[in-house]
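Hi,

Here is the structure I promised you. Have a look at it first, then read my notes below.

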Amino acid sequence: MDFIPYGRQSINRQDILALTEALQDNYLTTGPKIDEFEKALAKHLNFQYVVALSNGTAALHLASLCLLEKNETVVTPPNSFLATANSILYAGAQPLFIDITDNGLIDLNLAEDAIKRGTKALYAVSFSGLPFDGINYLKEKYNIKFLLDNAHFIGQNETDCDIATYSFHPVKHITTGEGGAVATNDKVIYEKLRTLRNHGMQKSNKYPWDYEMTDLGYNYRLTDIQCALGLSQLSKLDLFQKRRHQIAKRYHQSPLTALYPYNNKSSYHLFVARHPFESLEQKAEFFIKMREKNIGLQYHYIPINKQPYYRSLGYGNEKTPIMDRYYLESFSLPIYPSLKENEQEYVIETALELLP
Ligand SMILES: *Cc1c(COP(=O)(O)O)cnc(C)c1O
């Protein structure tokens with residue numbers, strides 16, 4: 001059996017043709033494909049505006065510059081990729097790590113407690129692809145600033161978030177190599193994002209060569225070439241999602257224990273299983289034995305608040321008993337559109353054999 005990773009891109013001839021054509025266009029960057037990709041994404045994600053950016057971390061960075069003020073606190077889960085919390089620090093604000101519930105998502109009751117105590121911003125993560133249910137009342141009741149890190153979820157948005165961010169890294173739902181996007185329904189935020197993406201520059205008309213820098217911006221542009229790939233990938237997203245759901249259903253029929261019951265609204269970026277391991281060492285042994293059988297398990301995520309950098313800032317001792325148990329017990333099984341049926345059967349068989 002060839003090596004089976006936990007996730008990988010699905011590239012076909014159509015993508016290669018789209019890229020080959022884009023390379024022969026007049027524009028390699030800042031061309032018409034960017035607009036086209038942004039409009040197609042906006043429709044698919046159910047937002048009015050989308051700004052394509054060089055990666056998902058850049059999306060979180062610019063979103064945080066639009067939303068946050070220096071020194072304010074932001075409620076966020078420890079169960080995410082580093083970039084979610086890092087982007088809060090980029091803006092000079094402070095993450096406040098709140099425990100998760102058993103489905104891997106931030107505990108909204110605990111988040112509400114923190115909001116009642118004065119926190120005015122929430123950074124939630126649609127972990128594994130699970131959309132949030134019943135989150136809008138927090139926005140309505142407390143008028144908080146609400147960002148959704150949707151690197152794992154690519155369905156129609158049904159929340160009142162101010163900003164949602166996306167990633168097109170190869171393991172995510174669609175890829176542009178590196179790539180990301182910010183989606184919003186707020187025109188002011190949209191225009192600020194477009195300026196920040198391009199050095200904080202605006203057109204100006206006094207002289208033919210004029211431009212004005214009105215903000216301290218960055219070069220976070222996505223290229224026209226990458227957007228051509230993104231458009232081709234987006235046209236296959238429904239197929240990708242169908243296949244991910246088939247794979248998820250098959251895992252659910254097996255004796256392995258899933259993190260949450262089958263959910264037809266989940267985008268299934270990850271399929272997380274759990275097992276009552278006695279220690280992290282025992283879980284590591286299982287990972288190593290699976291690796292010897294050419295199966296690349298992964299774990300998502302090491303609690304961000306316990307990373308050395310965050311410890312150096314005084315984090316790491318928050319009470320997060322559900323996250324602690326989740327870290328001990330959970331692991332991510334292979335799930336991606338091109339995973340073959342016989343490969344999945346092999347993964348299930350091998351895992352059942354090697355679990356302690
Ligand atoms: C992948 C990911 C990011 C970062 O995206 P990049 O495109 O790799 O910068 C942020 N948050 C989450 C939850 C992710 O999974």
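The shell around the ligand divides into five nonpolar, eight polar and two charged residues. Here Ala, Val, Leu, Ile, Met, Phe, Trp, Tyr, Cys and Pro count as nonpolar, Asp, Glu, Lys and Arg as charged, and the others, Gly among them, as polar. This is a predicted model: local features need pLDDT of at least 70, side-chain atom pairs count only at pLDDT 80 or more, and totals for chains, interfaces and linings use all residues. Residues are numbered from 1 along each chain as its sequence is written, and side-chain values use heavy atoms, with hydrogens and water left out.

In total, 15 residues surround the ligand (a heavy atom within 4 Å of it). Among the closest are Gly56, Ser167 and Lys172. H3 (56-67) and H4 (82-90) each supply at least two shell residues. Helices are DSSP runs (H or I, at least four residues), numbered from the N terminus. The largest share, three residues, comes from H3.

Then look at H2. Ile34, Phe37, Glu38, Leu41, Ala42 and Leu45 are buried there (under 20% relative accessible area, 1.4 Å probe, protein chains only). The face turned away from them carries Pro32, Lys39 and Lys43, which are exposed (over 50%).

Best wishes
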